[in-house]
Amino acid sequence: MSGKILEIENLTVSFDGFKAVNDLNFSMDEGELRVVIGPNGAGKTTFMDVITGKTKPTEGRVYFKGKNLRPYSEHQIARLGIGRKFQTPRVFLKLTPRENLELSCAQKKNVLGALFGQSSSAERRTVAGLLETIGLAPKADIAADLLSHGEKQRLEIGMLVAQSPDLLLVDEPVAGLTDEETEKVGDLLLALAESHSIMVIEHDMEFVRQIARTVTVLHQGSVLCEGNMDEVQNDPRVIEVYLGKQEEDGHQAA
Amino acid sequence: MTQLLESLFGGLSIGSVLLLSALGLAIVFGLMGVINMAHGELMMLGAYTTFVVQNAFKKTPLEGFYIFFALIAAFIVTALLGLLLERGVIRYLYGRPLETLLATWGVSLILQQFVRSVSWQFIAGLLIFCLLFFGAMGVLSRLANFERIRGWVIGLMLPISAAISLTISHILGQTYKLAVTNPWFGTQGVDVTAPKWLRGGLPIVKEYQLPYTRLFIIVLTVVCVLGIYWFLNKTAWGLRIRAVTQNRNMSACLGIPTATVDALTFAIGSGLAGIAGCAVSLLGSVSPNTGQSYIVDTFMVVVVGGVGKLVGSIVAASAIGVISYVVSSNALGPLVGFSESLKGLFEFFATASMAKVMVFALIVIFLQFRPAGLFPQKGRTVDA
Amino acid sequence: MTVKTLEPATEPTTGVNSRKKQRSLLIEAAIVIFLAVLLLVVIPPLLTAAGQGVRINQLGRFLSLAIVALGIDLIWGYTGLLSLGHGIFFALGGYAFAMYLQLQLPAGQIPDFFSLYGVETLPWFWQPFYSFPFTLIAVVALPTIVAAALGYLVFRNRIRGVYFSILTQAALIVFFNFFNGQQKLINGTNGLKTDTATLFGQQVGNNPQIMGAFYALSVLFLVLGYAFCRWLTSGRIGRMLVAIRDDETRVRFSGYDPTWFKVFVFAISAGLAGIAGALYTVQSGIITPKSMDIAFSIEMVIWVAVGGRATLVGAILGALVVNFARTLLSEQYPAFWLFFQGALFLLVVTVLPSGFLGWFRTEGANFVRSLLGRRKQVMTYPSLEEDPEVQYERENLRD
């Protein structure tokens, strides 16, 4: 567990002159669980878009395990070992959870593999294990559009894990979940962090406190500050961007 | 030089027709993501409206200026039809663009056949049917348990009204014979003659003159583009339309009546099709198939121009027009006299229909570099 | 790089399931073979006996159109790509075979129509069509290659949705113009006639044996096509196609490149259309650029929509039903066919979006009940009867 898994240098992304990400520098160690927070419009999702290849950087470079990601397209980056969970759960609604997981899990991801490939027993075992883990084993064979929102969230995280990535990017995993479900997802992420590097984008401060070790705060497209939860919470600049300029002291964020 | 000017004007006159017909389509597509396959048929109806207006004005003092009345009439007729289409069909299909495409294709088939077979007898039958069926539905829908019996009512009233209206129109046909059964337009094309002052042409250069009708269409296109530009950018409804184009949900939250905006935009888009139809009626005879020959070209204008910006459609239409003209008139042939094979290649494509082959190839190549068209919308999109 | 599963993995209980699957697959195969035998052995004599011998030829043509419908269902029903240009592939298959038939002449002669335009030597691209094996390959390969090339150029730029549809339509117009305008190469508007040509020493048109053979071939290829599509859609690639239809972005982020899957399925469906085109051409006696009419290609889509998208059986049934309705209606009331067709488009899209088969699957039982005057079954969401959790609980509580 040494070396940087993700390094970002002087990243700028501009849309028609508007800089969604502005000269951002960021790095993450292998095996780290990092939480990225920031007010709306801080560039969090664009940041993830760039890492996963959905948006190409205007300037700057993104290195994943020392490899510049610029020439790769989304599916190639996914195959390199970056998995991404979207803000709203995106699973294949007309397929069953089992099929969803099988697709993500398959080793050969080309046309021929899909044509003639049979899922190996190792893959089937992985899928069955994952179904247990995300608690969807009883519903493994009904169409995913019949699942509830929380179940879809868990299914998508499961699909991510099935891809066996080295780095998981998780965008607001607990949006719209009940407290109980939130805690479950938190435990799931913590368990996953044992063996993966994870970057989580989140708004829910309770949840952040549950899982966070190191927190990065983004503001207007660049890193505002970085540190553990307490440091970040007491940083006056963070308080300012979250709560507005304060005349008197003594207010705390969150 | 002569060659250049000629290609430029020839191309512009093709491009202006393209732009005029694509304008309505582009606005509707930009706003609702809907491709209206019946757009060509709306043009065709605009052309037929011109024909009717022209006949109505024959031998009146205003005969020479019928074209202006025809433009207005064509706009109104097609805009109303567009409104009906949007309220009756398309609004149920938002978010399902491919289905809308198929539904509007169905509408276009119906419109084509309607123009072929419309006669007094036909109109009478249609009116009676509508009166009976929708009247009955209107009356019965006041019943408390209407939702439960709805299926039965439709199943019962549809054949009854159809039978009654068919019988009555049949009787009408028997009593008045040809006076009512004779189709208004028939399957053959009809001819619109340009007013006297539009005949002839403006000599641009030696041996090439720009026909006044073409010039009229170019002017008309400019007026329409300016009008639309003014409407979209300077009026309250234009602002609303632009708002909905950019973010439908947010606009709805701000209290913009998106349904009304949709209907209005669709009506305007259809009205523009009517004006375009009026314009193309000056170029040749009008038949029920007229619309078909325009739609694919106008779609290409939308694809190349990109969504959401008027200027994209303008540039795309001009470019496609000029390229088509240059290729089909073999203007480049003499320039490559040094190479026989290249010359042969240009000659091979030097017909109107082969020019289309060339233009399509160029469009596909163009899309390799600019998949979202000339002026794409940028920004972080929810959907990739 | 292995996946760490967080709980001990259990082998899924697939044994029972797979046996069940096998049995239903056997039943399905039996039904298909039964229907094929019915079409081959029983129906032709019946129709002849009823004095409707003409209908056999019609049925043969419609069966070959059903093969196109299978292809359309693959790309539209399963993958969500609406192609409005399948006429191209249909016509390419048809032209390929028609060229072979046109060349069945004594050595040194070239087809008659060339003399009309003063062409004396056979154009170079006709040469290979002297060979029967080449023709057979070309019938499939030509449309497949064209579709793959076009598909690659379009899909690699992530052009999709209505853009894809109207680009395929534009391609259709382009091919139409090309075939229509080139009298000296392929007889332009007049097309190529096949009924006066000879095949294996027999004249093709009005020859019951050859027509019977092509009828049988249509049935055979329909069955093969069905089996092939069935295999495709039930395998992993079938689920992949559905996944692309559902959420292409997710597919990409799962490590798949959707481009190649789309190119693949587009090419396959073009190949099916090519086979259908060849079979249809021989049975109708001529192929002209009119088979690349805009209307015809959109009509293919409506066959699938009427039958039911993403149901292969629906595609076949839809093609047969719509085409027979067309023949009957346009024989009786030629003017009304377009009205009827237009209304069909509107109705299928607004009232019956999942087609007859889809409607029958979800609503059929209730409809029958309501016809019998019984009350509708109460629907629950998700329908409780199918909820595995409920079943799971039931089973566990029983013990």
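Visitor: In which helix does B:Ser117 lie?
Guide: This is a predicted model, where local features need pLDDT of at least 70, side-chain atom pairs count only at pLDDT 80 or more, and totals for chains, interfaces and linings use all residues. Residues are numbered from 1 along each chain as its sequence is written, while chains are lettered from A and ligands numbered from 1 in the order in which they are written. Helices (H or I, at least four residues) and strands (E, at least two) are DSSP runs, numbered from the N terminus. In that naming, B:Ser117 belongs to chain B's helix H4.

Visitor: What does B:Ser117 count as, given its C-beta neighbours inside 10 Å?
Guide: A residue is buried if 20 or more other C-beta atoms lie within 10 Å of its own, exposed if 12 or fewer, and partly exposed in between, with C-beta atoms placed from the backbone. B:Ser117 has 19 such neighbours, so its class is partly exposed.

Visitor: Which residue of chain C is in contact with B:Ser117?
Guide: Two residues are in contact if their C-beta atoms, placed from the backbone, lie within 7 Å. Leaving aside neighbours within four places in sequence, B:Ser117 touches B:Phe122, B:Pro183 and, from chain C, C:Ala335.

Visitor: How do the axes of H4(B) and H14(C) run, roughly parallel or antiparallel?
Guide: Axes are lines fitted to C-alpha atoms, for helices over the stretch in contact, and angles run from 0 to 180 degrees between N-to-C directions. Helix H4 (residues 97–117) of chain B and helix H14 (residues 336–350) of chain C have axes that come within 8 Å and cross at roughly 160°. Angles under 35 degrees count as roughly parallel, over 145 as roughly antiparallel, 65 to 115 as roughly perpendicular and the rest as oblique. That makes the pair H4(B) and H14(C) roughly antiparallel.

Visitor: How many residues in the contact of H4(B) with H14(C) are nonpolar?
Guide: B:Trp105 and B:Leu109 are among the H4(B) residues that meet H14(C), whose own partners include C:Phe339 and C:Phe345. Ala, Val, Leu, Ile, Met, Phe, Trp, Tyr, Cys and Pro count as nonpolar, Asp, Glu, Lys and Arg as charged, and the others, Gly among them, as polar. In the contact of H4(B) with H14(C), one residue is charged, six are polar and the nonpolar ones number 13.

Visitor: Over in chain A, which are the edge strands of the six-stranded open sheet?
Guide: Two strands pair if DSSP finds at least two bridges between them. The order is E6-E7-E8-E3-E9-E10, with mixed pairing. Pairing on one side only marks the edges, strand E6 (82–85) and strand E10 (222–227).

Visitor: In E8(A), which residue is the bridge partner of A:Leu169?
Guide: E7(A) and E8(A) pair in the parallel sense over five bridges. Strand E3 (residues 33–37) of chain A also runs parallel to strand E8 (residues 197–201), joined by four bridges, and A:Arg34 stands opposite A:Met199. The partner of A:Leu169 in E8(A) is likewise A:Met199.

Visitor: How many residues of E8(A) are buried?
Guide: A:Ser197, A:Met199 and A:Ile201 point one way from E8(A), while A:Ile198 and A:Val200 point the other way, and all are buried. E8(A) is thus mostly covered, its buried residues being five of five.

Visitor: At roughly what angle do H6(A) and H7(A) cross?
Guide: Helix H7 (residues 179–193) of chain A lies across E3, E7 and E8 of that chain. H6(A) and H7(A) are roughly parallel to each other. Their axes come within 11 Å and cross at roughly 5°.
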